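These notebook entries record what I looked up in one protein structure. I began with the chain as a whole and then turned to its core and its aromatic rings.

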Amino acid sequence: NFTNLAVNTAVRFIIALGVSGCLITKGTDLSAGRIVGLGACIAATLLQNPNYSDRFFPGLPDMNIFVVLLIVIVVCGLIGVVNGAVISYFKVPPFIATLGMQTLVYGICLVYTGAKPIGGLKPAYTNIANGNFAGIPYLFLIAFVCGILLWILYNKTRQGKYMYAIGGNENAAEVAGIRTGKVKIRIYALAAILYSLGGFLLAAKSGGASVNMGMGYELEAIAACTIGGVSTNGGVGKVSGILIGVLVFELLKILLQFVGVQTSYTYIVQGVVIIVAVALDLRKYLAKK
């Protein structure tokens with residue numbers, strides 16, 4: 001059970017890390033789940049077993065896994081850059097900008113895959129999600145490294161300081177000389193890169209991909225961040241809190257399954273948890289004011 005918890009938490013933690021940067025700057029990213037799905041579909045179509053009879057690209061040579069990961073990161077990263085640019089320079093509210101991008105990316109994914117499920121992934125790829133090193137799952141190790149890198153970014157770099165400054169008071173940050181537009185573009189680009197990594201790993205873990213992969217993950221990520229202390233009002237949030245939030249959410253689902261609660265009811269409980277978490281966060285914000 002602990003191994004399953006670590007593996008299930010790993011991908012969601014990576015996605016939540018991406019969303020956290022957007023929330024800290026008083027934004028959000030509703031396109032996260034669809035970018036995860038697009039990343040998964042691109043990776044799956046390029047990393048099918050050469051001997052698989054129903055290959056998506058029949059004449060495609062056997063591709064290197066890291067080259068495919070780089071392709072996925074570049075494609076999804078560009079989507080993040082567009083998100084950041086629309087929010088920063090066209091002044092479109094993050095909710096609307098990323099909601100539109102959510103639909104746009106889903107359409108791109110439908111056109112790319114033809115709404116066809118993709119399977120037959122080569123073992124070297126699926127082993128990334130199912131393998132382990134000295135008994136520790138690879139997924140856990142990858143998520144751990146991502147957490148360390150994001151902790152360094154948030155706490156030890158100029159980009160991290162600018163991010164918190166923008167979330168605290170964007171106008172004051174601009175007066176202080178921070179180029180808020182460029183900082184936001186970098187934040188949304190990094191978020192999309194983390195989503196792409198999450199999608200790449202999710203396809204390997206599932207042994208296949210479809211256009212609906214990652215659907216709703218953005219809401220879980222936002223809820224996990226909020227539970228972990230990342231304020232929806234911006235300027236507050238820690239990597240350790242994000243991990244706690246993801247663990248709480250995953251443990252809640254596992255406990256409900258152990259108790260024997262039907263899957264349909266678990267969505268009701270998750271919805272209540274999200275509402276309560278955001279309400280408590282807003283109460284803390286208003287109390288401080």
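**Entry 1: the chain as a whole**

What percentage of the 289 residues in the protein chain is buried? I noted that the model is a predicted one, and I found that buried residues make up 49% of the chain.

I next looked up the secondary structure. The protein chain holds 12 helices and two strands. Read from the N terminus, the order of elements is α-α-α-α-α-β-β-α-α-α-α-α-α-α.

I then turned to the dimensions. Along the principal axes, the C-alpha atoms fill a box of roughly 60 × 45 × 35 Å. A compact globule of 289 residues would have a radius of gyration near 19 Å, and the protein chain agrees because its value is 19 Å. The accessible surface comes to about 13900 Å², and carbon and sulfur atoms account for 67% of that area.

I also looked up the contacts. Among those with a separation of 6 or more, 77% join residues 24 or more positions apart.

In soluble globular proteins, nonpolar side chains tend to be buried together. The largest nonpolar core here has 75 residues, and those touching the most other members are Leu17, Val68, Tyr125, Tyr195, Phe200 and Ile242. Helix α9 (residues 180–206) supplies the largest share of this core, with 13 residues.

Which residues does Tyr195 touch, leaving out those up to four places away in sequence? I recorded Ile15, Gly18, Val19, Cys22, Asp29, Ala32, Ile35 and Val36.

**Entry 2: aromatic rings**

A pair of aromatic rings is described by the distance of the centres and the angle of the planes. I found five aromatic pairs in the structure. In one of them, the ring centres of Phe56 and Phe57 are 4.8 Å apart and the planes stand at 90°, so this pair is edge-to-face.

Phe56, Phe57 and Tyr112 form one aromatic cluster.

Arg34 lies over the face of Tyr106, at 3.9 Å from the ring centre.

Conventions: Residues numbered from 1 in each chain as written. Predicted model: local features only at pLDDT ≥ 70, side-chain atom pairs only at ≥ 80, totals over all residues. Heavy atoms only, no water. Phe/Tyr/Trp six-rings, centres within 6.5 Å; stacked < 30°, edge-to-face > 60°. Lys NZ or Arg CZ within 6 Å of the ring centre and 35° of its normal. Helix = DSSP H or I, 4+ residues; strand = E, 2+ residues; numbered from the N terminus. Rg over C-alpha atoms; globule rule 2.2 N^0.38 Å. Buried < 20%, exposed > 50% of the residue type's maximum accessible area, 1.4 Å probe, protein only. Contact = heavy atoms within 4.5 Å. Areas by Shrake-Rupley, 256 points an atom, 1.4 Å probe, with all protein chains shown as cover. Core = buried A, V, L, I, M, F, W, Y, C linked by side-chain atoms within 4.5 Å.
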